[in-house]
Amino acid sequence: MEYGLLGLIVLIADIYAIYQVLTSGASTLAKIVWTIAIILLPVLGFIAWLIFGPRGNRATV
């Protein structure tokens, strides 16, 4: 049962990350690359997106 719950958490996190990528201000190529990375490598792709991914429309100081 633990793997089922963990899988559900990973799925929700990946859907959130893909949504954030697609609604970000990044270029189309970057959106495609990030989406493919998140789909092919669900856990590693999500972690990489958290660290290196596009930040959307947030103001930077």
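Here is a short chat about this predicted model, starting with the ground rules.

Modeller: Residues are numbered from 1 along each chain as its sequence is written, and side-chain values use heavy atoms, with hydrogens and water left out. As this is a predicted model, local features need pLDDT of at least 70 and side-chain atom pairs count only at pLDDT 80 or more, while totals for chains, interfaces and linings use all residues.

Colleague: What is the mean pLDDT of the chain?

Modeller: pLDDT is the predictor's confidence in each residue, from 0 to 100. In this chain, 85% of the residues reach 70 or more, and the mean is 86.

Colleague: Which pattern does the chain follow along the sequence?

Modeller: Helices here are DSSP runs of H or I with at least four residues, strands are E runs of at least two, and both are numbered from the N terminus. On that basis the chain has 3 helices and 0 strands. Read along the sequence, that gives α-α-α.

Colleague: Which helix has the highest confidence?

Modeller: Confidence is lowest in helix 1, at a mean of 90. The top value is 93, and it belongs to helix 2 (residues 28-40).

Colleague: Which residues of helix 3 are buried?

Modeller: Buried means under 20% relative accessible area, exposed means over 50%, and partly exposed lies in between (1.4 Å probe, protein chains only). Helix 3 spans residues 42-52, and its buried residues are Gly45, Phe46 and Trp49. They sit on the same side of helix 3 because they cover an arc of only 100° around the axis, taking the directions from the helix axis to the C-beta atoms. Over on the other side, the exposed residues are Leu44 and Phe52, so the buried set is Gly45, Phe46 and Trp49.

Colleague: Is Thr35 buried or exposed?

Modeller: Thr35 is found in helix 2. Leaving aside neighbours within four places in sequence, Thr35 is in contact (heavy atoms within 4.5 Å) with Ile18, Val21 and Leu22. Its relative accessible area is 15%, so Thr35 is buried.

Colleague: And Ile15, buried or exposed?

Modeller: Ile15 is found in helix 1 (residues 2-22). With a relative accessibility of 51%, Ile15 counts as exposed.

Colleague: What share of the 61 residues in the chain is buried?

Modeller: The chain exposes about 4700 Å², and carbon and sulfur atoms supply 75% of it, by the Shrake-Rupley method with a 1.4 Å probe, where for residues only the protein chains shown count as cover. Of the 61 residues, the buried share is 23%.
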